[in-house]
Amino acid sequence: MKRVNTVKSHREYDAIIHHGVKLRSDHFSLYYRPSDLGYTRIGLAVGKANGGAVQRVRIKRQVRAMIAKRNDYSLSLDIIIVIRPNYNQADFHENERELDALLNQTKEAHN
């Protein structure tokens with residue numbers, strides 16, 4: 001993800017989470033809200049319940065790789081992906097399918 005395609009500030013995270021639409025799956029909670037920017041911005045949140053710093057960074061890296069495969073930043077949305085504590089790092093492809101399903105739901109709801 002390029003820097004322009006990331007949600008950066010804590011204030012923006014809070015606004016998207018509190019005023020956006022929530023979707024849930026077994027390993028992810030996804031919040032999204034329309035924006036006026038003309039492109040998609042994505043933020044990731046991994047809590048301490050997912051493990052130590054090394055595990056959290058690894059999880060973020062995996063999720064960024066999943067998002068990079070999609071490479072669809074054309075929608076005008078702000079998205080926050082919260083990785084839930086029961087996320088299993090070993091099931092990459094299953095997690096990828098699950099995240100794709102959530103992102104497809106946001107795309108369908110936005111159109």
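Hi everyone. Before the sheet itself, one definition: I call two strands paired if DSSP finds at least two bridges between them. And please keep in mind that this is a predicted model.

With that in hand, let's look at the sheet. Four strands make up an open sheet in the order β1-β2-β4-β3, and the pairing is mixed. At the edges sit β1 and β3, residues 41-46, each of which pairs on one side only. On average, neighbouring strands here are turned by 20° against each other, ignoring direction.

Where does the mixed pairing come from? Let's go through two of the pairs. Strand β1, residues 21-24, runs antiparallel to β2, residues 28-34, and four bridges join them. These two strands form a hairpin, with three residues between them. If you want a landmark there, R24 has S29 in β2 as its bridge partner. Then there is β3 with β4, residues 77-83: that pair is parallel and has six bridges. Your landmark in this one is L44, whose bridge partner in β4 is I81.

Now the helices. Helix α1, residues 10-19, packs on the sheet and touches β1, β2, β3 and β4, with its direction at about 95° to that of β2. Helix α3, residues 92-110, lies across β1, β2 and β4, and runs at about 25° to β2.

Do the numbers for its length first: at 1.5 Å a residue, the 18 residues of α2 should span 26 Å, and the end C-alpha atoms are 26 Å apart, so the two agree. Which residues of α2 are buried? They are I59, Q62, V63, M66 and I67. Because they cover an arc of only 135° around the axis, they are on the same side of α2. On the other side, V54 and R61 are exposed. As for what the buried residues pack against, it's β2, β3, β4 and α3.

Finally, the cores. The largest nonpolar core has 21 residues, and the ones touching the most other members are F28, L30, V63, I79, I81, I83 and L99. At least two residues of this core come from each of β2, β3, α2 (53-70), β4 and α3. Take L30 as a close-up: beyond its neighbours within four places in sequence, its contacts include V21, L23, I79, I81, L102 and T106. There is also a second, separate core of five residues, among them V7, I16, Y31 and I80.

Conventions
Residues are numbered from 1 along each chain as its sequence is written. This is a predicted model: local features need pLDDT of at least 70, side-chain atom pairs count only at pLDDT 80 or more; totals for chains, interfaces and linings use all residues. Side-chain values use heavy atoms; hydrogens and water are left out. Axes are lines fitted to C-alpha atoms, for helices over the stretch in contact, and angles run from 0 to 180 degrees between N-to-C directions. Contact means heavy atoms within 4.5 Å. A nonpolar core is a set of buried Ala, Val, Leu, Ile, Met, Phe, Trp, Tyr and Cys residues joined through side-chain atoms within 4.5 Å. Buried means under 20% relative accessible area, exposed over 50%, partly exposed in between (1.4 Å probe, protein chains only). The expected span of a helix is 1.5 Å times one less than its number of residues. The arc is that of the directions from the helix axis to the C-beta atoms.
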